[in-house]
Amino acid sequence: MAAAGPLAPTSPQPPDFPTGNASRKRWPEPQPELRWNKQATVEVAASSVCSVSPLPPLIDMNTFRYMNDPPQAKREALNQRLRKAGDALRSQWSLGEFARLSDISQEERNYLAVVRSCSLVGGVVQCVVDGPWAKGNPHGARLSLQLDTIPSLTLYPGKIIAFRGKNLGMELASPDADGKGILLVSQLFELPALPTSCSLPRIPSSGEAMEEDTGGSAVRAVLCCGPYAANQMLTIRSLEELLWFGFAKRHASVMVFCGPFLPEPSRDEPVSSSMMYDDMFDAITEQLTSAVKKLVGLKVVLVPSLQDVAAAEYVFPQPPFDVVFESEDVIGVGNPSVIRLVPPGCTLGLCTTDILHHLSRAAVELNPEVSQARIPRLAAQVVRSRSFYPLVPAAPEAQLDFSHQRFLEFPGEQSPDVLVLPSVLSPFAQKIDGALVVNPGLVHKRSFAELTVAPPAGPTDTSCVADRCVVEFFRVP
């Protein structure tokens with residue numbers, strides 16, 4: 001970590017950008033109580049340059065079905081998840097082969113299942129699970145779990161678990177389990193988190209080798225999530241002010257703007273008849289691109305949201321905006337997506353669908369760790385699920401296309417070094433299983449975040465990104 005020191009001189013001010021900011025009296029103020037890695041200091045130079053590249057797989061907007069998700073496709077997608085997770089659980093915990101859920105046995109066996117429903121009634125967890133679908137058993141086998149011997153657990157619909165127990169048969173069946181039986185669980189096994197990309201040895205490409213070998217300098221990225229303002233003109237002004245603040249005041253090399261940029265108006269708001277929503281979004285992107293052209297070296301990443309009413313597909317996972325930007329420094333990515341920053345050679349996972357809020361409504365916790373707040377505990381479930389959106393069935397507003405489940409998985413069998421999960425819940429940053437999870441908050445709730453990553457010591461440095469970065473939160477006046 002670089003020693004504390006004065007920031008490099010501010011870049012020369014562009015002559016006509018942004019309008020009106022010269023007379024601005026109040027800038028966003030830091031919130032030190034939310035800062036991550038408070039003891040660390042990282043020096044950032046105004047001349048730092050960073051390249052941004054989206055990682056595959058890239059979402060193809062021509063392959064979605066839109067409201068046509070056959071049950072067979074859902075079952076097959078979930079079966080693929082079960083098989084993949086089962087292999088990882090078997091390897092991690094040395095479990096051997098899994099028994100069929102429907103097989104009655106008085107001896108303990110190992111089982112693999114996905115949680116179908118769960119609830120907490122009177123301090124007792126009620127859980128119904130389903131097993132893999134097979135040719136001779138096309139509907140799986142739904143059973144209730146008796147979890148009295150498990151001291152602590154977190155469950156949600158769609159969570160894949162392995163457990164050891166006995167199937168006592170139909171005589172103790174629960175009505176919720178469709179009369180198929182009940183399993184006495186003696187031991188529960190959870191899916192381990194994937195290693196982060198920086199924790200694994202990596203041979204950089206020829207274009208990256210020189211930057212990483214020399215160590216480079218610290219890189220700063222500003223993370224913002226909409227809605228940004230109540231209308232188009234105020235949104236443009238808000239984005240320009242954030243650009244100016246990030247580039248000139250904070251020396252950011254990358255600005256990440258997550259949607260929605262044009263959310264659906266509420267019932268009390270009048271609908272504009274002078275411009276169509278697509279025209280409004282074009283005006284926003286044109287102004288944004290024009291501003292970015294004046295800020296040499298700055299990269300801007302735009303991530304769509306399911307709440308956007310223009311230029312974004314209403315399906316999840318979501319392709320990038322259907323817009324051709326006039327500047328190569330403005331990069332459109334999908335929702336979710338993973339981008340790589342070089343230097344410092346770390347990965348950022350981005351997902352604007354509010355999985356933390358959706359999990360908070362669906363998850364059941366029994367005797368959770370009191371040393372960790374509820375929201376970071378939910379974030380830990382996302383990291384360990386190896387997916388940006390592990391909840392099944394998805395929340396109604398998620399509009400999930402099951403045939404594209406693979407785009408929700410962390411690419412390359414690696415967790416992103418930094419996982420950005422914007423949410424209506426309280427902003428936070430915390431290291432979870434090696435990954436740094438950040439909820440920057442929402443700009444219309446007067447919150448955004450700033451991520452500063454120190455460079456690795458060398459090309460073979462596999463230190464955790466979370467340990468060499470600082471996350472600062474700001475409050476918009």
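Both Trp 27 and Phe 245 are buried, meaning under 20% relative accessible area with a 1.4 Å probe and protein chains only, where over 50% would be exposed and anything in between partly exposed. This is a predicted model, so local features need pLDDT of at least 70 and side-chain atom pairs count only at pLDDT 80 or more, while totals for chains, interfaces and linings use all residues. Residues are numbered from 1 along each chain as its sequence is written, and side-chain values use heavy atoms, with hydrogens and water left out.

Back to the rings: the structure holds 13 aromatic pairs (ring centres within 6.5 Å for Phe, Tyr and the six-membered ring of Trp; planes under 30 degrees apart are stacked, over 60 edge-to-face, the rest tilted). Helices (H or I, at least four residues) and strands (E, at least two) are DSSP runs numbered from the N terminus.

Tyr 111 and Phe 163 are stacked too, because their ring centres sit 5.6 Å apart and their planes are at 25°. Tyr 111 belongs to strand β3 (residues 105-121) and Phe 163 to strand β7 (residues 160-167), so this pair ties together parts 52 residues apart in sequence. Both Tyr 111 and Phe 163 are buried. Elsewhere, Tyr 228, Phe 257, Phe 261, Phe 281 and Phe 321 gather into one aromatic cluster.

Then there is the sheet. Six strands form an open sheet in the order β2-β13-β14-β16-β18-β17, with mixed pairing; two strands pair if DSSP finds at least two bridges between them. Its edge strands, β2 (51-54) and β17, each pair on one side only. Inside the sheet, β14 (residues 346-350) and β16 (residues 418-420) pair in the parallel sense over three bridges, and Leu 350 has Val 420 in β16 as its bridge partner.

As for helix α5 (residues 355-362), its buried residues are Ile 355, Leu 356, His 358 and Leu 359. These cover an arc of only 160° around the axis, which puts them on the same side of α5, the arc being that of the directions from the helix axis to the C-beta atoms. The buried residues of α5 pack against α6 (374-385) and β17 (428-432), with contact meaning heavy atoms within 4.5 Å.
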